[in-house]
Amino acid sequence: MTATVSSTLTIQVLLFGSYAEALGRDTLELRLPGSATIQDAVARLRSLPGGDRIPDRPLCALNLSQAPVDSLLSADDELAILPPLAGG
Amino acid sequence: MFLKSTPLEIGTLITQVESPARGAVASFLGTVRNHQDGRNVLRLEYSAYAPMAEVECARIVAEAEDRWDCAVALVHRIGTLEVGDTAVAIAAASAHREEAFAACRYVIEEIKRRVPIWKREFFGDGMVEWVGSGEAGKRLGAEEPRQRGHEVRQQLIARSDRGDL
């Protein structure tokens, strides 16, 4: 038997602050190729209406931890695109 | 819970960290200032990616306690804050003062660097800006976000139907 490899994966994307405002929403689902990275997800977001306000390499968190943009995505990952932090 | 939507009380945090073995308690309060770059600030609105902010705050507190042999309490407020309100409160207690001061300083600096919290500044001239976004502000009420959100949602649905998403 050959293991079946899913050719696409679906992830949850969370948007915050100015990015949520730019895209007019704070959550969405993306369907991406099975080998997609965070960078691929960001490129898709940037192609949406208002997405040009997200930088090419934004600060990102994958499943609650900051992650580099070349991180590989897995099905059902939660990817958060974080505007410049302003706590304190 | 490190995030709170009600007023912060530093006395509560000090009670949590003080002990007979700890002869030094340092505290830090970050409060809402009435000016920014020469402009009059009326209030701030804080928001957060709460699940990650909780995790990151816990990590920062654990790092400080580990590094300086101290006890640390931390709370960050979310929501609308008026001038003078406390946005963040930290208390650190240790046997001697150096550790308490160092831990307090570490926690506030790491919060600013790592915790996913954002704020919007409401200025006296009616402008509203996301802090740190580098974008020009908007006049309050100049946009109709609900309508704009609806338009974008319709476009997303259209793209989804085409298999773009």
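**His96(B) sits in the loop between β7 and α3 of chain B.** Everything here comes from a predicted model, so local features need pLDDT of at least 70 and side-chain atom pairs count only at pLDDT 80 or more, while totals for chains, interfaces and linings use all residues. Residues are numbered from 1 along each chain as its sequence is written, and chains are lettered from A and ligands numbered from 1 in the order in which they are written. His96(B) counts as partly exposed because 13 other C-beta atoms lie within 10 Å (buried takes 20 or more other C-beta atoms within 10 Å, exposed 12 or fewer, partly exposed is in between, and C-beta atoms are placed from the backbone). Leaving out residues up to four places away in sequence, His96(B) touches Gly23(B) and Ala24(B); touching, or contact, means C-beta atoms, placed from the backbone, within 7 Å. Val17(B) is 79 residues away along the chain, and its C-alpha atom is 14 Å from that of His96(B).

**Chain B, the whole chain at a glance, has 4 helices and 10 strands.** These are DSSP runs numbered from the N terminus, with helices (H or I) of at least four residues and strands (E) of at least two. Follow the sequence and you read β-α-β-β-β-α-β-β-β-α-β-β-β-α. Of the 165 residues in chain B, 28% are buried. Take the contacts in chain B between residues at least 6 apart in sequence, and 70% of them join residues at least 24 apart.

**The open sheet of chain B has 4 strands, in the order β1-β5-β7-β2.** The pairing is mixed, and two strands count as paired if DSSP finds at least two bridges between them. Strands β1 (3–4) and β2 (24–31) of chain B are at the edges with a single partner strand each, so one side of each has no neighbour in the sheet. Over 8 bridges, β2(B) pairs antiparallel with β7(B), residues 86–94. To find your way into that pair, look for Ala26(B), whose bridge partner in β7(B) is Ala92(B). Helix α3(B), residues 97–114, packs on the sheet and touches β2, β5 and β7 of chain B, its direction making about 150° with that of β7(B). Helix α2(B), residues 50–68, lies across β1, β5 (70–77) and β7 of chain B, at about 155° to β5(B). For these angles, axes are lines fitted to C-alpha atoms, for helices over the stretch in contact, and the angle between N-to-C directions runs from 0 to 180 degrees.

**Helices α2(B) and α3(B) cross at roughly 155°, their axes coming within 10 Å.** That makes α2(B) roughly antiparallel to α3(B) (over 145 degrees is roughly antiparallel, under 35 roughly parallel, 65 to 115 roughly perpendicular, and the rest oblique). From α2(B) come Glu56(B), Ile60(B), Val61(B), Ala64(B) and Trp68(B), and the α3(B) residues they meet include Ala102(B), Tyr106(B), Val107(B) and Arg114(B). By class, the contact of α2(B) with α3(B) has 9 nonpolar, no polar and 4 charged residues. Here Ala, Val, Leu, Ile, Met, Phe, Trp, Tyr, Cys and Pro are nonpolar, Asp, Glu, Lys and Arg are charged, and the others, Gly among them, are polar.

**Strands β8(B) and β9(B) make a hairpin with 3 residues between them.** In the turn, Gly126(B) has a positive phi of about 90°. The strands, β8 (117–123) and β9 (127–130) of chain B, pair antiparallel over 3 bridges, and Phe122(B) has Val128(B) in β9(B) as its bridge partner. On to β10(B), residues 138–139: 2 bridges join this strand to β9(B), again antiparallel. Here Met127(B) is bridged to Arg139(B).

**Asp69(B), a residue other than glycine, has a positive phi near 50°.** You'll find Asp69(B) in the loop between α2 and β5 of chain B, where it is exposed, with 12 other C-beta atoms within 10 Å. Over in chain A, Asp76(A) is not a glycine either, yet it has a positive phi of about 70°. Asp76(A) is in the loop between β4 (65–66) and β5 of chain A, and it is exposed, with 10 other C-beta atoms within 10 Å.

**Where the chains meet, 23 residues of chain A and 30 residues of chain B take part.** On the chain A side, α1 (17–23), β2 (27–33) and β5 (78–82) each supply at least two residues. That side is made of 15 nonpolar, 6 polar and 2 charged residues.

How values were computed. Two residues are in contact if their C-beta atoms, placed from the backbone, lie within 7 Å.
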